[in-house]
Amino acid sequence: MADTIIIGAGHNALVTAFYLAKAGRKPLVLERRPLVGGCATSEEFAPGYQCATLAHTLGPLRPSIVRDMQLERRGVKFEHPDPRLVSVGLDGRALAFSTDPGRTADAIRPFSAKDAARYAEFCGTLARLGAFLSDLLEMTPPSIDAPSAGELWELLKTGRKFRALGRKESFALLRWGPMAVADLVAEWFETDLLQASVAARAIHGTAMGPWSAGTGAILLLAAATDPAPGGSSVTAVGGPGAVTRAMADAARAAGADIRTGAEVKRILVKDGAVRGVALADGTEIAATTVVSGADPRRTFLGLVDPVELEPDFTTRITNYRCPGTVAKLNFGLGRLPAFRGVTGDPAASLRGRVQVGPGIDYLERAFDASKYGEMSPSPYLDVAFPSVTDPSMAPSGHHVMSVHMQYAPFSLRAGSWSEQKDALADLVLRTLEAQAPGVTALVEHRQVITPDDLEHVYGLTGGHIHHGELALDQLFTMRPTLGWADYRTPLAGLYLCGSGTHPGNGLTGGSGQNAAREILKGPRSR
Ligand SMILES: Cc1cc2nc3c(=O)[nH]c(=O)nc-3n(C[C@H](O)[C@H](O)[C@H](O)COP(=O)(O)OP(=O)(O)OC[C@H]3O[C@@H](n4cnc5c(N)ncnc54)[C@H](O)[C@@H]3O)c2cc1C
């Protein structure tokens, strides 16, 4: 018997386990894979080559989580690279985003003096709107039907902060959310490469293109965690796996037990309340609280017997959209490649990310193909070199290149992903070759992770990297579904803590921390 079982050892579940243990519970974390971390791992994919297997940057993590879990004391060395992003253009020029907005404006000036002059104002606006929204990310989404006194108080405080934004910015906030990010960036800047570098965060991991309505809201959601245009590309020495290993240490030190290689097959339910879990090996473990860090569809449609849920709830979860569009490729290289337009020592200029997505139309066309079940002929790539910050990730003098590729639709119109692996790797290298001539010849090893692998090996339904689409109809009070956004579920004692809950925007730990707070409060009268 365990007092609390947590399904999965993704970073959110580890955060939840830590806070529950700190409050005196004895959580038992059960992870199906042989290691902790979920999408945030660093693994060896070829002898001597280790890469950030899936995610290569952090959200970044909420500062309170870093502090409470004492991650730095546990050896995590966070990296804030400068430049944080280098965006390569089709004309052989590149645009470097520095941590210093003044220096970034200097880099923008050769493209457009007008854009350079507006950059600081854009950074300021995004930072102020992001700061307002960051409070909402820490909130438990309120009940729409019957908000409690505490929820009304929080909403009142939010209303006051909204008024304090002033007329111009409160109007911007209301307008930007439903907008297409392509329109939003065009109101600020005329340089296509700059527009695309800012807009890419609004489509990262989604089944949307920059002309999709509502991508403005995704840009705002990203800014609420990290307001730097293009993202600050925070990572850790050793990749995200170093962070989740330290999180597991913190959870264990607080009193949690973590077992790997332990797949939950069923959540056991009796009379509308959880009674424990059954593992794939047949073992049953009793518990009165079960917290799932797996995505909502996997949890309710895969682990719970359908007869235990109301058909209306099951329909809503069936309609929760998880259309994956991402493939991940990790390469072992003989040395660092040289990108066109990127000057200076590559070991200094490639500490952050490199974006191959040189224009709004380029990004939209990349998306177009995925609508019809095809991979983009000219994909959007987000590239990182984890071995630059941690040389021990590759043999001496060699490097690893981590490539996030979009769009690779989970459902292919023709053929299967297992047949397309080589074609996918060739396509990615061809695309990179145009920007970094000679890169293909540097490749010594490669690991190709398709959307199908994301579902079957890494447990992401539909291969969706955020456990469900980040879209206006699946955010805040509607994540995962209206009426159940407070981490509780229709089954007494069953909670959710993964990215399919609010705020769910990448590696921030936000969902796990919010969920722990609600689990400790216990059931809510409805
Ligand atoms: C390719 C890729 C690139 C990404 N890039 C970035 C990035 O650069 N920056 C960023 O911030 N975010 C990125 N993300 C998103 C981010 O990594 C995820 O949103 C986040 O890690 C999700 O964390 P989680 O704890 O909610 O869930 P997960 O990390 O998905 O963890 C869930 C865990 O539950 C386990 N599990 C599932 N079912 C069971 C079961 N039945 N029994 C036991 N265990 C089970 C899984 O094995 C998994 O370990 C990326 C994701 C992917 C896939």
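Mentor: In this predicted model, A278 has E284 of β12 as its bridge partner. That contact belongs to the pairing of strand β11, residues 273-279, with β12, which is antiparallel and runs over three bridges. The two strands are part of an open sheet of three, ordered β10-β11-β12 and paired in the antiparallel sense. Because β10 (264-270) and β12 (284-286) each have a single partner strand, they stand at the edges, and one side of each has no neighbour in the sheet. On average, neighbouring strands of this sheet are turned by 30° against each other, direction ignored.

Another open sheet has five strands in the order β9-β2-β1-β13-β19, and here the pairing is parallel. Its edges are β9 (257-259) and β19 (494-496); each has a single partner strand, so one side of each is left without a neighbour in the sheet. From one strand to the next the twist averages 20°. At the β19 end, strand β13 (residues 289-292) is joined to β19 by three bridges, and the two run parallel.

Next comes strand β15, residues 353-356. In a regular strand the side chains alternate between the two faces of the sheet. For β15 both faces are covered: R353 and Q355 on one side are buried, and so are V354 and V356 on the other. Strand β6 (residues 85-88) runs parallel to β15 and is joined to it by four bridges, with V86 partnered by V354. β15 also pairs with strand β16 (residues 380-384), in the antiparallel sense and again over four bridges. In that pairing V356 has L381 of β16 as its bridge partner.

A pair of aromatic rings is described by the distance of the centres and the angle of the planes. The count comes to 14 aromatic pairs. One of them joins W188 and F189, with 6.5 Å from centre to centre and 45° between the planes, a tilted arrangement. Both of these residues are buried. Another is formed by F367 and Y407: the centres are 5.5 Å apart and the planes stand at 55°, so this pair is tilted. F367 lies in helix α14 (residues 360-371), and Y407 in the loop between β17 (399-406) and α16 (417-435), so the pair ties together parts 40 residues apart in sequence. F367 is buried, with a relative accessible area of 8%, and Y407 is buried at 0%. W188 and F189 also belong to one aromatic cluster with F97, Y119, F122 and W176.

Rolling a probe the size of a water molecule over the atoms shows where empty space is left. The second largest pocket has a volume of about 520 Å³. It is lined by 21 residues, of which L133, L136, A217, L472 and L475 are the closest to its centre. Helices α4 (113-138), α5 (149-164), α6 (167-176) and α9 (215-225) each supply at least two residues of the lining. By class, that lining has 17 nonpolar and four polar residues, and no charged ones.

Notes:
Residues are numbered from 1 along each chain as its sequence is written. This is a predicted model: local features need pLDDT of at least 70, side-chain atom pairs count only at pLDDT 80 or more; totals for chains, interfaces and linings use all residues. Side-chain values use heavy atoms; hydrogens and water are left out. Two strands pair if DSSP finds at least two bridges between them. Axes are lines fitted to C-alpha atoms, for helices over the stretch in contact, and angles run from 0 to 180 degrees between N-to-C directions. On a 1 Å grid over the protein atoms alone, a cavity is a set of points where a 1.4 Å probe fits but cannot get out, and a pocket is an open set with protein on both sides within 12 Å along at least five of seven lines; lining residues have an atom within 4 Å of a point. Grid points are joined across faces, edges and corners, and a volume is the space filled by probe spheres set on the points. Ala, Val, Leu, Ile, Met, Phe, Trp, Tyr, Cys and Pro count as nonpolar, Asp, Glu, Lys and Arg as charged, and the others, Gly among them, as polar. Buried means under 20% relative accessible area, exposed over 50%, partly exposed in between (1.4 Å probe, protein chains only). Rings of Phe, Tyr and Trp (its six-membered ring) pair if their centres lie within 6.5 Å; planes under 30 degrees apart count as stacked, over 60 as edge-to-face and the rest as tilted.
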